[in-house]
Every structure is written in structure tokens, then in C-alpha cells.
Amino acid sequence: MAAPTRLCRCLVPLLLGMGMVAAAGTPGTSGTPGTGDCGCSASRAAGDGREAAARRYSAAAAGGGRSAGRGPMVAIPGGVFTMGTQEPEIQQDGEGPARRVHIDSFYMDQYEVSNQDFERFVNSTGYITEAEKFGDSFVFEGMLSEAVKADIHQAVAAAPWWLPVKGASWKHPEGPDSSISSRMDHPVLHVSWNDAVAFCTWAGKRLPTEAEWEYSCRGGLENRLFPWGNKLQPKGQHYANIWQGEFPTNNTAEDGYKGTAPVSAFPPNGYGLYNMVGNAWEWTSDWWAVHHSPQDLHNPKGPSSGTDRVKKGGSYMCHKSYCYRYRCAARSQNTPDSSASNLGFRCAADAPGPH
Ligand SMILES: *[C@@H]1O[C@H](CO)[C@@H](O)[C@H](O)[C@H]1NC(C)=O
Ligand SMILES: *[C@@H]1O[C@H](CO)[C@@H](O)[C@H](O)[C@H]1NC(C)=O
Ligand SMILES: [Ca+2]
Ligand SMILES: [Ca+2]
């Protein structure tokens, strides 16, 4: 399907729908429906193709050389933690109820997957992301050049800071006139959930479950807002790349970064993990739902089906005033073929041996 059709018929209605949530405090989302009656069945087919592709890469990787795609991982000890919160900040996101969750030991990428990591993957597989196939991706208006903006006539009324940009992709995060050459150590952006699965599979890894992600985010602390505690800026220091100033007009970049930061910026949490909150949103393997059983769970994998996938951690665009989602219990969602200039991922892996 031609990109303009996809945009007109699919993206805008969805974004307007999300805009209603945005009014209650939720921008930072964009996407295309993977199913539905808006003529988007092509994106579903693309998703199926991704999975087949991922299996191929996996088979190829087994033949050797996959260590080239492995960023450093941290062994996360198994344990029990409180997932979610009894004091949800954003009720409609399903942040509650708090429930006890048992997690077996596993491995987590120390950093968000970087542009360099992703380039290595593309170099060795020829992988083409969904944004490249569709021919466009969503970019935050504040990051665009005047030349690119002048070329866009499609505004999204309820979330005007998101613009569909032709030619925006992981290699050109702000459109064709932009490049990642000075940002190879920054998180890869404009990758869909399907792209993330393909990368992790190639690297001999997988996406973390939401429970594993949140357990990792908390870094061994119980019931804290952030990976480092409850105070946003202990001793006045910045611990994450989020937004300072008035959103969406005045990004003061007090934390040092207007857009993304290197994946190794800011202090790590108790498990040695970097940028779990802020910088780029991170895909997880779970389908999205907002109602959770309060019962104890062991290694939960989320609902067995759905239309959206869970993303965690918030991004450099998050500000308390409208997107207070740089908390471990916070969550949001996009369709698996969505991509945007603030959404990336990291991979996890099983611990060796029986669980
Ligand atoms: C990918 O391939 C290009 C062209 O050969 C090369 O310049 C670049 O360094 C490679 N990237 C990585 C991360 O290996
Ligand atoms: C942006 O916010 C800062 C801090 O509140 C303020 O000093 C500055 O004047 C603002 N800039 C604009 C262009 O509004
Ligand atoms: Ca920032
Ligand atoms: Ca992050």
C-alpha cells in the first residue's frame, strides 16, 4: 500500500483516538493499526513477514558470528517484586493494582540497543525496517528542520507535535536531511516491535517481558518511582534524559540533551542498567491490556493476544506535566508496526540451565 493511503486512512484516526488520551496527559504515542477495517491489512502481512525473517536470521546466527551483535548484558538475579503500583499516576494505563511477581534469573542488555548495534545487524543481514518499507515514520515536530516541516501538510489535530515524515527511519531520524553519524552510540529509533524482535532474534536474544523489564527497572528497590529511588533529582543531579521546560515549546535541555543521549549516559541503577527510564521508550514482548489479576504470578508473559504491544520507560520527550511515564510502573502501547523518533528497545536472554 502506498504510504499516503496508510497515513490518511490509518494513522490519523488512530492518532486522534490517542489524542483523547493525550488530553488527559498522553502524547508520545504514534502508530498504525496492525488490523482493523481501515485498509491496513498490509501492515499485518508485513508483521508476519518480519517473524519469518527473524527466524531466518536466527538460523543464520546459529552458524556463528552472532556475538558481533551482542552488547554487554547483566545477569539479573531471580526474585520476587511488587509489579505495578497501588498509587497509579495514570489510571487509564493500567499501572495498578500492585501484585507480587516471581521472576527467574535472566540476562538483560545493559544499554538500549544503539545505532551502531543496529547498523551491525543491518550490515550482516540486509534487514529493512518497517519504517523504510512504509516510507515514513513519526517525528517530533521540535526536532525537524524548517525544510522538512514545509513539506508536510498533514497535521494531527490532537497531537500536533507528531508529524509523519517521508523518509524518516533509523538512519535518518529527522527525515532525509538528517543522519546518525554523530549519534552512533545513541539508541536506535524508528524501529517497530517487529524490527526489535528481528534484531534480538539475530543476536541470539529476545525482547524482555514487561515483568522482566519492570523488575530490571527497579534495580532491587521495592515500590520506588524511579530506578534510583523516589526523588527525581537527588542532590540536584539528573538521573535520566527527560524533558525540562514547557512541553512542547521550550525544551531547556537542562539534563544536557534535547534529543537522545548516548546509551551509556547518566548513572546506572542497582543492577548496573542504564537509561531504563527516559532517553528512548523500550518495547517489551507483552501484548497490551489494562486489567491485571491481583494474584501472585510466576514469570508472567502478559495476555495471549491483543492489538498493541507494551512499551516502557518513557523518553526524552516526557515531562511530568503531560507524560509522567518515566517511572518503573508506568506503561504505554503501540501497534507492532509503529515507529517513532522516541521509541527503541533493548533485548533480554534466558539464563543458561534449567529454571
Ligand atoms: C556497516 O557497513 C559500512 C559499509 O561497509 C561500514 O562503513 C560500517 O562501519 C559498518 N558498521 C558497523 C557497525 O559495523
Ligand atoms: C524557556 O524556559 C526557561 C526556564 O523556564 C526560560 O528561562 C526561558 O525564557 C524559556 N524560553 C522561551 C523561549 O520561552
Ligand atoms: Ca533531556
Ligand atoms: Ca530507555
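**Entry 1**

I started with Glu112 and Gly278, and both are buried (buried is under 20% relative accessible area, exposed over 50%, partly exposed in between, with a 1.4 Å probe and protein chains only). This is a predicted model, in which local features need pLDDT of at least 70 and side-chain atom pairs pLDDT 80 or more, while totals for chains, interfaces and linings use all residues. For my own bookkeeping: residues are numbered from 1 along each chain as its sequence is written, chains are lettered from A and ligands numbered from 1 in the order written, and side-chain values use heavy atoms, without hydrogens and water.

Which protein atoms hold the calcium ion (ligand 4) as donors? I noted Glu112 (OE), Asn275 (O), Gly278 (O), Ala280 (O) and Glu282 (OE), at 2.4 to 2.6 Å from the ion. Donors here are N, O and S atoms within 2.8 Å of the metal, or 3.2 Å for Na, K and Ca; water is not among the atoms, so sites may look incomplete. I wrote the sequence spacing down as E-x162-N-x2-G-x1-A-x1-E. Glu112 and Gly278 link distant parts of the chain, 166 residues apart: Glu112 is in the loop between strand S4 (106-109) and helix H3 (115-125), and Gly278 is in the loop between H7 and S7. Helices (H or I, at least four residues) and strands (E, at least two) are DSSP runs numbered from the N terminus.

**Entry 1: Glu282**

Glu282 counts as buried because its relative accessibility is 0%. Its side chain makes a polar contact of 2.7 Å with the side chain of Arg346. A polar contact is a pair of N or O atoms within 3.5 Å; within protein, one must be able to donate a hydrogen and the other to accept it, and residues adjacent in sequence count only if both atoms are side-chain atoms. Leaving out neighbours within four places in sequence, I found Glu282 in contact (heavy atoms within 4.5 Å) with residues including Glu112, Asn275, Trp213, Phe345 and Arg346.

**Entry 2: calcium ion, ligand 3**

Next I looked up the calcium ion that is ligand 3. Its protein donors are Asn241 (OD1), Ile242 (O), Asp255 (OD), Asp255 (OD) and Tyr257 (O), 2.3 to 2.5 Å away. The spacing reads N-I-x12-D-x1-Y. Asn241 and Asp255 are 14 residues apart, each in the loop between helix H7 (210-218) and strand S7 (281-287). Are Asn241 and Asp255 buried or exposed? I find both buried.

**Entry 3: ligand 1**

What surrounds ligand 1? I listed Gln116, Glu119, Arg120 and Asn123, where near means a heavy atom within 4 Å. The protein covers 39% of the 360 Å² of accessible area that ligand 1 has on its own (Shrake-Rupley areas with a 1.4 Å probe; for residues, only the protein chains shown count as cover). An oxygen atom of ligand 1 is 2.2 Å from an N or O atom in the side chain of Asn123. A nitrogen atom of ligand 1 is 2.6 Å from an N or O atom in the Glu119 side chain.

I placed Gly84 in the loop between strand S2 (79-83) and strand S3 (99-103). Why does Gly84 count as buried? Because its relative accessibility is 3%. Its C-alpha is 8.0 Å from that of Cys328, 244 residues away along the chain. Beyond four places in sequence, the contacts of Gly84 include Pro97, Glu214, Arg218 and Ala329.

Pro97 sits in the loop between S2 and S3, and a cis peptide bond with omega of about -5° joins Gly96 to Pro97. I found another cis peptide bond between Phe247 and Pro248, with omega about -5°. Pro248 is in the loop between H7 and S7.

**Entry 4: positive phi**

His190 is not a glycine, yet has a positive phi of about 60°. I located His190 in the loop between strand S6 (162-166) and helix H6 (193-202), buried at a relative accessible area of 0%. Asn223 also has a positive phi, near 55°. Asn223 is in the loop between H7 and S7 and is partly exposed at 48%.

**Entry 5: whole chain**

The protein has seven helices and twelve strands, and 56% of its 355 residues are buried. Of the contacts between residues at least 6 apart in sequence, 75% join residues at least 24 apart.
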